[in-house]
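Student: Please take me through this structure one feature at a time. Start with the overall picture.

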Amino acid sequence: SDLGGQVTGEGVFRFLREVTSKGQYPYWSNEGPTGVRCALWLRLENNAIPNTDKLVARSQALDMSLCVLQKPDLLKIRPGVPASTSKDIAAVNLVLFHMQELRVSRKWVRSMAPMAPI
């Protein structure tokens, strides 16, 4: 979260497509006697990414395995722990993804070397 650079919706989409296409997530954790499958825990909130609902819908329409976690979900879902005993564990948990308001002023970013958009 708060990457402080230019993060675009298209960059996030391409990243999610690449991650989900490789088949490495959900990954196997060593929890329990036989291990469990766990989603990649991805935090991209507070980056002013526009239209996150459309980005998620577009991704899911292409069968990308994503789950958007809201604040109440964080009481029962934690990184490295499966969301449930269900066999349908998402490849990627987008934690608080729809919360895109900026918490940090971008003025200080302008004084830094520019970062290429992703």
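Tutor: Of the 118 residues of the protein, 35% count as buried, where buried means under 20% relative accessible area, exposed over 50%, and partly exposed in between (1.4 Å probe, protein chains only). The model is predicted, so local features need pLDDT of at least 70 and side-chain atom pairs count only at pLDDT 80 or more, while totals for chains, interfaces and linings use all residues. Residues are numbered from 1 along each chain as its sequence is written, and side-chain values use heavy atoms, with hydrogens and water left out.

Student: How many helices and strands does the protein have, and in what order do the elements run?

Tutor: Helices (H or I, at least four residues) and strands (E, at least two) are DSSP runs, numbered from the N terminus. Here there are three helices and five strands, in the order α-β-β-β-α-β-β-α from the N terminus on.

Student: At what angle do the axes of α1 and α2 cross?

Tutor: Axes are lines fitted to C-alpha atoms, for helices over the stretch in contact, and angles run from 0 to 180 degrees between N-to-C directions. The axes of helix α1 (residues 9-21) and α2 cross at roughly 30° and come within 11 Å. Angles under 35 degrees count as roughly parallel, over 145 as roughly antiparallel, 65 to 115 as roughly perpendicular and the rest as oblique; α1 and α2 are therefore roughly parallel to each other.

Student: Which residues make the contact?

Tutor: Contact means heavy atoms within 4.5 Å. On α1 the residues are G9, E10, V12, F13 and L16, and on α2 they are L55, R58 and S59.

Student: Is S59 buried or exposed?

Tutor: S59 has 0% relative accessibility, so it counts as buried. Its place is in helix α2 (residues 52-61). Leaving aside residues up to four places away in sequence, S59 touches F13, L16, M64 and L66.

Student: How many aromatic pairs does a search of the whole structure find?

Tutor: Rings of Phe, Tyr and Trp (its six-membered ring) pair if their centres lie within 6.5 Å; planes under 30 degrees apart count as stacked, over 60 as edge-to-face and the rest as tilted. The search finds one pair. The ring centres of Y25 and Y27 are 6.2 Å apart and the planes stand at 85°, so the pair is edge-to-face. Y25 is partly exposed at 30% relative accessibility, and Y27 is partly exposed at 28%.

Student: Where does C38 lie?

Tutor: C38 lies in strand β2 (residues 36-38) and is buried, with a relative accessible area of 1%. Its C-alpha atom is separated by 8.7 Å from that of V92, 54 residues apart along the chain.
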